[in-house]
Amino acid sequence: MKTVAHTTIATDMAADLTQAALDRGRSLGISVSVAVVDRGGHILAVLRDNAASFHSVQIAIDKAYTAVSFSAPTGVLGDVLHGMGPTVFHGLLERPAMAAFGGGLPIKADGHIIGAIGVSGGSAEQDEDCAGAGLTAL
């Protein structure tokens, strides 16, 4: 039997990351939604600040999903995809759950992607800042 062992982020850690990112948003004076997915893109934790917009929840999930699926921060994907030509750029961005703007970061441990965090509710830069603050909870 052939198997492959993978490390992924634990649910309790995902909850800690979401809270740390939410706290950073509050310190910036913004209300955000935060999502953490495991290495397969499955949602482990979602936290929405009371005043965060309804749409920010799904956008945070999409950012986390995109970051883990491309193993890259979502803030750089727009430029990378744009450089691949209009067909690839528009084709990929029209896919469900794609978000190619700041706020999604892969979560790494020992050089391996174990999940991702996505934040939505502020500017792309603020969202990425909050996601980075979430990663400090690791």
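Two strands are said to pair if DSSP finds at least two bridges between them. With that in hand, here are some close-up views of this predicted model.

**View 1. Strands E1 and E2 pair side by side.** Five bridges join E1 and E2 in the antiparallel sense. Look for alanine 35, whose bridge partner in E2 is valine 46. Helix H2 (residues 54-70) packs on the sheet and touches E1, E2, E3 and E4. The direction of H2 makes about 155 degrees with that of E4.

**View 2. Four strands make an open sheet.** Follow the order E2-E1-E4-E3, with antiparallel pairing. Strands E2 (43-48) and E3 stand at the edges with a single partner strand each, so one side of each is left without a neighbour in the sheet. From one strand to the next, the twist averages 15 degrees. Helix H1 (residues 11-27) lies across E1, E2, E3 and E4, and runs at about 25 degrees to E2.

**View 3. E3 and E4 form a hairpin.** Strand E3 (residues 104-109) and strand E4 (residues 112-120) run antiparallel and are joined by six bridges. Glycine 104 has glycine 118 in E4 as its bridge partner. Two residues lie between the strands, and aspartate 110 in the turn has a positive phi of about 55 degrees.

**View 4. Aspartate 38 is buried without a salt bridge.** This residue belongs to strand E1 (residues 33-38). What is the nearest side chain of opposite charge to aspartate 38? That is arginine 39, 7.6 Å away; a salt bridge would need a side-chain nitrogen within 4 Å of a carboxyl oxygen. Beyond its neighbours within four places in sequence, aspartate 38 is in contact with residues including Thr8, Leu44 and Ile114.

**View 5. Aspartate 127 meets lysine 63 in a salt bridge.** The structure holds three salt bridges, and in this one the side chains meet at 2.8 Å, N to O. Aspartate 127 lies in helix H5 and lysine 63 in helix H2, so the pair ties together parts that are 64 residues apart in sequence. Aspartate 127 is buried, at 2% relative accessibility, and lysine 63 is buried too, at 0%.

View 6. Arginine 24 meets aspartate 129 at 2.9 Å, N to O. Arginine 26 meets aspartate 49 at 2.8 Å, N to O. Aspartate 49 is buried, with a relative accessible area of 8%, whereas arginine 26 is partly exposed at 45%.

Technical notes:
Residues numbered from 1 in each chain as written. Predicted model: local features only at pLDDT ≥ 70, side-chain atom pairs only at ≥ 80, totals over all residues. Heavy atoms only, no water. Buried < 20%, exposed > 50% of the residue type's maximum accessible area, 1.4 Å probe, protein only. Lys, Arg positive; Asp, Glu negative; His and termini not counted. Contact = heavy atoms within 4.5 Å. Axes fitted to C-alpha atoms, helices over the stretch in contact; angles between N-to-C directions.
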